[in-house]
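Subject: Structure handover

Hello,

Here is the structure I said I would pass on. Please open it beside this message and look up the residues as you read.

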Amino acid sequence: LPIVFVDRNIPGINRDVIQSENFDASYKATKYLMDMGHRKIGIIATSNFSTVQERIKGYKAAFANAGIEYDESLIASVDELSDKMSRKVCHEFLEEHPDITALYILNNSLCSGVLLDLKERQMKIPQDISLLVWDDEEYNELLDITTIEQPITEIGKQATRRLFELIGEPEETTDFECKKLDPELIIRKSCTLPKYRK
């Protein structure tokens, strides 16, 4: 059966995959924050996805290549993609780490919960904390949130083309590949120089 995976594969099933270059894009996003002077960069993510694990690896690599030791406790995991859960995790996370100067959200579905917690704390973006989010949506543009935009349309097109190729091949192929497309860092107004807090 011709199969092409989009975004991520299923372990144990060897088929073509069309996805974003998660590692490099996350590395660049982290470096963007570090170049501003941020060192306490907190991550909030649903980390049970292979794609998110690649983003975390990119985050860690940016610290390693800069010769700066990162703090493993600054990576907060959310068990489910819901506003209620992300708000709760963000609240507990910032209570434990009040010195964080930037938040890097690796699933856009978690962003609204984070925003609700920041609003409750009366923390202003970017004056009190910088915010960078993976995936772009209309409300990110509306709120001027810096994001990493995945090439979703192009991923869909290339996956469809590859599927048609597989359907048209007379014999079953075993030559599968993982093709990675580059996301774009959309710079808006949610990140600035760090404001250090006690």
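Predicted model: local features only at pLDDT ≥ 70, side-chain atom pairs only at ≥ 80, totals over all residues.

The core

Start with the inside of the protein. In soluble globular proteins, nonpolar side chains tend to be buried together. Here the largest nonpolar core has 42 residues. Those with the most contacts inside this core are Ile-41, Ile-44, Leu-103, Tyr-104, Ile-105, Leu-131 and Leu-132. Both helices and strands contribute: α1 (22–35), α2 (50–65), α3 (83–96) and α4 (111–120) each supply at least two residues of the core, and so do the strands β3 (41–45), β5 (102–105) and β6 (130–134).

Setting aside residues up to four places away in sequence, Leu-103 touches Gly-42, Ile-44, Cys-90, Phe-93, Val-114, Ile-129, Ser-130, Leu-131 and Leu-132. There is also a second, separate core of six residues, including Val-4, Ile-155, Ala-159 and Leu-166.

Ala-45 lies in strand β3. Its relative accessible area is 1%, and the cut-off for buried is under 20%, so Ala-45 counts as buried. Which residues is Ala-45 in contact with, leaving aside its neighbours within four places in sequence? They are Val-52, Ala-76, Ser-77, Val-78, Leu-106, Asn-107 and Leu-110. Take Leu-110 from that list: Ala-45 and Leu-110 are 65 residues apart in sequence, but their C-alpha atoms are 7.5 Å apart in space.

The largest pocket

The largest pocket holds about 190 Å³ of space. Its lining is made up of 13 residues, and Arg-55, Asn-107, Asn-108, Ser-109 and Asp-135 lie nearest its centre. By type, the lining divides into three nonpolar, five polar and five charged residues. Asn-107 is also one of the contacts of Ala-45.

Salt bridges

The count comes to 13 salt bridges. Three of them are described here.

Glu-54 forms a salt bridge with Lys-57, with the closest N and O atoms 3.4 Å apart. Both residues lie in helix α2, three residues apart, which is about one turn of the helix. Glu-54 counts as partly exposed at 25% relative accessibility, and Lys-57 counts as partly exposed at 45%.

The side chains of Arg-87 and Glu-120 meet in a second salt bridge, at 3.3 Å from N to O. Arg-87 is in helix α3 and Glu-120 is in helix α4, so this pair ties together parts that are 33 residues apart in sequence. Arg-87 is partly exposed, at 32% relative accessibility.

Is each partner buried or exposed, or in between? Glu-165 is partly exposed, with a relative accessible area of 44%, whereas Arg-162 is buried, with 14%. Salt bridges that share partners also bring in Asp-16, joining Asp-16, Arg-162 and Glu-165 into one network.

Regards

Key:
Residues numbered from 1 in each chain as written. Heavy atoms only, no water. Core = buried A, V, L, I, M, F, W, Y, C linked by side-chain atoms within 4.5 Å. Buried < 20%, exposed > 50% of the residue type's maximum accessible area, 1.4 Å probe, protein only. Helix = DSSP H or I, 4+ residues; strand = E, 2+ residues; numbered from the N terminus. Contact = heavy atoms within 4.5 Å. 1 Å grid on protein atoms, 1.4 Å probe; cavity = no way out; pocket = protein on both sides within 12 Å on 5 of 7 lines; lining within 4 Å. Points joined across faces, edges and corners; volume = space filled by probe spheres on them. Nonpolar A, V, L, I, M, F, W, Y, C, P; charged D, E, K, R; others polar. Salt bridge = Lys/Arg side-chain N within 4 Å of Asp/Glu carboxyl O.
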